[in-house]
Amino acid sequence: MKLLQDKIINEGQVLSGDVLKVDGFLNQQLDMDLYAKMSQEISAHFSAKNVTKILTVEASGIALAATVALAMHNLPVIFAKKHSTSNRDADFYCTPIFSFTHNKSYNVTIAKRFLTKDDRILIVDDFLARGEAVRGLINLVSQAGATTAGVAIAVEKGYQGGGDQLRAEGIDLYSLAIVDKMDENAITFRP
Ligand code: 5GP
């Protein structure tokens, strides 16, 4: 998506440790015009997939999940939680996810009542690197006996391989911008 690529080129920052910082429009301050356009594009791609719910993981996936849900005629959004709270349901699905940016593993959970075997789930996240977060979410969907209808990502770091591995396994993975190479001087996208 040209608009997202331009934003990344003009405002993104490549940090050491292979991290692309995009907090001026995607991760902390949210450019809602960009979010609306990204969501329309994702909605168009998955319109024939009979999606019943959007699933993401807190925190930075929630904004895109919410705007995609609005674009897809107000579907419900559910997000996996990284922290256990006193009001958590007793019955929940749980999976470990290794975090690329924090270099540690989290157990993420979702209350069983929010995922049913009839659900067709669109998984949404802001970034895909090695694919750990998406794999964890696919695992939660499978535990519920539900179906992963597809995966939508704003920025995929293609050179880290997680996305192509998921495509090779037959997942309908749609990324709006795929970074092929990046360093402090240049960011190159997959055509
Ligand atoms: P994965 O699980 O695919 O290895 O990494 C995806 C998760 O790590 C995303 O949920 C995202 O929050 C975070 N992430 C991975 N790479 C980057 C990056 O370069 N920049 C930012 N801002 N987040 C990243």
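A residue is counted as buried when its relative accessible area is under 20%, and in this predicted model Asp 119 falls into that class because its relative accessible area is 6%. Asp 119 belongs to the loop between β6 (104-111) and β7. The side chain of this residue takes part in a polar contact of 2.8 Å with the side chain of Thr 52, and the side chain of Asp 119 also reaches the backbone nitrogen of Thr 116, at 3.0 Å.

In total, 17 residues surround the ligand, and the closest are Ala 129, Arg 130, Gly 131, Ala 133 and Lys 157. At least two residues of the shell come from each of β2 (19-21), β7 (120-128) and α5 (132-143). By residue class, the shell is made up of seven nonpolar, four polar and six charged residues.

A polar backbone atom of Gly 131 is 2.7 Å from a ligand oxygen, while for Glu 132 the distance between a backbone N or O atom and an oxygen atom of the ligand is 3.1 Å. In the case of Lys 157, an N or O atom of the side chain is found 2.7 Å from an oxygen atom of the ligand. Of the 510 Å² of accessible area that the ligand has on its own, the protein covers 90%, and the site that holds the ligand is the largest pocket.

Helix α5, which spans residues 132-143 and supplies at least two residues of the shell, also contains Leu 140 and Ser 142. Leu 140 has a relative accessible area of 0% and is therefore buried, whereas Ser 142, at 48% relative accessibility, counts as partly exposed, because the class of exposed residues begins over 50%. Leu 140 and Cys 94, although 46 residues apart in sequence, have C-alpha atoms 6.8 Å apart in space. For Ser 142 and Asn 74, which are 68 residues apart along the chain, the separation of the C-alpha atoms is 24 Å.

Key. Residues numbered from 1 in each chain as written. Predicted model: local features only at pLDDT ≥ 70, side-chain atom pairs only at ≥ 80, totals over all residues. Heavy atoms only, no water. Near = heavy atom within 4 Å. Polar contact = N/O pair within 3.5 Å; in protein donor to acceptor, adjacent residues only side chain to side chain. Areas by Shrake-Rupley, 256 points an atom, 1.4 Å probe, with all protein chains shown as cover. 1 Å grid on protein atoms, 1.4 Å probe; cavity = no way out; pocket = protein on both sides within 12 Å on 5 of 7 lines; lining within 4 Å. Sits in = over half its atoms within 2 Å of the grid points. Helix = DSSP H or I, 4+ residues; strand = E, 2+ residues; numbered from the N terminus. Nonpolar A, V, L, I, M, F, W, Y, C, P; charged D, E, K, R; others polar. Buried < 20%, exposed > 50% of the residue type's maximum accessible area, 1.4 Å probe, protein only.
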